[in-house]
Amino acid sequence: MKLSVRLRGDWFAVPCKGSDTIRWLGEETLRRFYKNRASLGGRTVEKVYEVRKAKGGALLDFDDAIKDVVDDNDFITVVLESDISSPMSLPAEIVYVEEKVASEDVQPPGDKELIALDGDSLSTDDLIRLGKGICNLTLTSEAEQKVNKSRALVEEILASNKVVYGITTGFGKFARTVIAKEKLVELQENLIRSHAAGVGSALPPERTKMLLALRINVLAKGYSGVSLDTLKKLIAAFNASCLPWIPEKGTVGASGDLAPLAHMALGMMGEGKMWSPKSGWAEAKFVLESHNLTPIKLKPKEGLALINGTQLITSLGCEALERAEAIARQSDVVAALTLEVLKGTTRAFDSKVHDVRPHKGQKLVADRLRALLHSDTYPSEVSNSHRFCDRVQDAYTLRCCPQVHGVVNDTLQFVRSVLSTEINSATDNPMVFADMGEIVSAGNFHGEYPAKVLDYLAIAVHELASISERRIERLVNPALSELPAFLTNNGGLNSGFMVAHCTAAALVSENKVLCHPASVDSLTTSAGTEDHVSMGGFAARKALRVVEHVEQVLGIELLAACQALEFLRPLKTTAPLEEVYRLVREVAKPWDKDRFMAPDIDAVAKLLQEEKIWTKVKPMIDHYHSVQSVETRVFSPTTAMRESMNGISAPKRRRLGRTTSNSSIR
């Protein structure tokens, strides 16, 4: 068997017998380490202190047989006695880097459903599935033909010694510098190394897989001039989940996402760091080797073909979009439960109201709310308990959900239309048009389209948290809810949801800053050649952060609404909302006194992230619309106004059970 062993930053491929011990492995690695240090005369003057697995940092016993504790091609770290820190000094090196990527984040390679890429038909949903490791990649035969045709044109240009940007010239400001033929491969390698200048935390494996898949899809269109051999090596690395270290910061979004994509290409060249489920983070060449993969050897034009494009912006944007759509659907469910426990009326969701202002999203939200709240199909004891109260109108945060939530849905549909086009677009420069026999320099790498719509997305989805935080305020404020203050018994001794509401307010306030559009900014780069850029990388990253905050705020509201329902028992709400209540109670029990609240918030936010709330109620919403042909119109004081104005007394209203404040609400 063979193991990849790290000692003081160097990696050694160490063949060994399964019967050899861990002690032998450490000493053999140390011997090889000093053998490579000719200045030290090959002498072993150090002692092995410990041996660990590189992934997870598990400590290995010196006396164990190798075959009993490690697998073939595992990654191991050897630590020397002199590497251990003392009170007088810092550690000589990081002893090991504990793997912080959950094993379930990316499914291991193996037999999976194949998605055949052609460069034209990838969906955002497919991209998310590829990121999660649910599917592997292949190319259609048509895509292979297009790739071969475009590469043939590049080879023809090389053979004829023509001067073409990016193939036989430098880049950006150096576009007029002609490069000698024997230096063309070095030109491409230098491009990757110099452009791999990003900073910040590495993208997690799921997002790296999405980025890599999206770049492969763009190359499959056949306008990049990359060779089929290089493209297939990218696919092989994707399918093996060998993922380069790609820092999240450093792109200005034109000429595309140069720095992140250069880090991607660098790893594929066997340089820098790479991650796989088997190895954790290690040197790229060893990760590739352990999966029987060979590094890419760049050909003329290929370095540029790998780094021009908007794939970081767009891949992160697709995740933001999918999550935003999921929380938008579920925000209607959470709002319905809050309206129910605050004893609101459903009359504001009457279809006739929304027919006369027929925005698509507004009508959709009203339809959902009617299906979730009191009706002939799903009666509610809570609703019946206050049907004759004298409330005239609900607060805007309840009454105007279709209008506020609705425009979020409409905005997300617009964002989807743009991103769906972007993920299947050629974003290279120069573009290789094999059918015309031409190579054209243009600007498809500019990230303004995805940058702008992701700023729109952040602004839109933020409103779901903004209105949710105000509903939380109504839930915890006894002057507005007629429920116990902060939804707790023994207030004073217990604080209940007091600070949970503060957390929601803090997140909403952060979102207000994050919603400032990144795409309105531009800084000139590349000595004035790239004089307008999109700043789309930050637009994408902050859009994701805004969505995450929205999920958390809605999670807090959902927890608070379920707690409010406890104070209305034994009354029951509608069947769909009772199902939501039961689902929440599987992860967060009711509060009878204060307890550690953060885990419950995280657990309910995860229910929303995984769309379990929507999965639970969607069939019940569909059932309502299939069986209820006549809309249930409940009593409301506003419906009796005409009779009252004509001298006919309105039906007498009386309170039943708990009621809300009878103050007039505009």
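1. The loop between α4 (141-159) and α5 holds N161. In this predicted model, N161 has a positive phi of about 60 degrees, although N161 is not a glycine. Most residues other than glycine have a negative phi.

2. One joins N429 and P430, with omega at about -5 degrees. P430 sits in the loop that runs between α16 (401-422) and β13 (431-433). Another cis peptide bond joins R569 and P570, and here omega is about 15 degrees. P570 belongs to the loop between α20 (536-566) and α21.

3. The next points concern helix packing. Two packed helices are described by the angle between their axes and the distance between the axes. Helix α21 (residues 575-585) packs with helix α23 (residues 612-627) at an angle of about 155 degrees, and their axes are 9 Å apart. Angles over 145 degrees count as roughly antiparallel, so α21 is roughly antiparallel to α23. The crossing of α21 past α23 is right-handed.

4. Which residues of α21 and α23 make the contact? On the α21 side they are A575, P576, E579, V580, L583 and V584. On the α23 side they are K612, I613, K616, V617 and M620. Sorted by class, this contact of α21 with α23 has 8 nonpolar residues, 3 charged residues and no polar ones.

5. Helix α3 (residues 124-131) and helix α6 (residues 205-219) form another pair: their axes come within 7 Å and cross at roughly 130 degrees. The two helices are therefore oblique to each other. Their crossing is right-handed.

6. In the contact between α3 and α6, the residues from α3 are L127, I128, L130 and G131. They meet E206, K209, M210, A213 and L214 of α6. The class count for the contact of α3 with α6 is 6 nonpolar, 1 polar and 2 charged residues.

7. Empty space is the remaining topic. Rolling a probe the size of a water molecule over the atoms shows where empty space is left. The second largest pocket has a volume of about 510 Å³. Its lining consists of 31 residues, and those nearest the centre of the pocket are Y165, F171, G172, S526 and E530.

8. Which helix gives the most to the lining of the second largest pocket? It is α5, with 5 residues. Both α5 (184-195) and α10 (302-307) supply at least two residues of this lining. By class, the lining of the second largest pocket has 14 nonpolar, 14 polar and 3 charged residues.

9. How many cavities of 30 Å³ or more does the structure hold? There are 3. The largest cavity contains about 80 Å³ of space. Among the residues that line the largest cavity are T346, R347, F349 and D350, together with R370, H374 and S375. The lining of the largest cavity also includes Y624, E631, T632 and R633. These lining residues divide into 2 nonpolar, 4 polar and 5 charged.

Key
Residues are numbered from 1 along each chain as its sequence is written. This is a predicted model: local features need pLDDT of at least 70, side-chain atom pairs count only at pLDDT 80 or more; totals for chains, interfaces and linings use all residues. Side-chain values use heavy atoms; hydrogens and water are left out. Axes are lines fitted to C-alpha atoms, for helices over the stretch in contact, and angles run from 0 to 180 degrees between N-to-C directions. Helices (H or I, at least four residues) and strands (E, at least two) are DSSP runs, numbered from the N terminus. Angles under 35 degrees count as roughly parallel, over 145 as roughly antiparallel, 65 to 115 as roughly perpendicular and the rest as oblique. A crossing is left-handed if the near helix is turned anticlockwise from the far one by less than a right angle, and right-handed if clockwise. Contact means heavy atoms within 4.5 Å. Ala, Val, Leu, Ile, Met, Phe, Trp, Tyr, Cys and Pro count as nonpolar, Asp, Glu, Lys and Arg as charged, and the others, Gly among them, as polar. On a 1 Å grid over the protein atoms alone, a cavity is a set of points where a 1.4 Å probe fits but cannot get out, and a pocket is an open set with protein on both sides within 12 Å along at least five of seven lines; lining residues have an atom within 4 Å of a point. Grid points are joined across faces, edges and corners, and a volume is the space filled by probe spheres set on the points.
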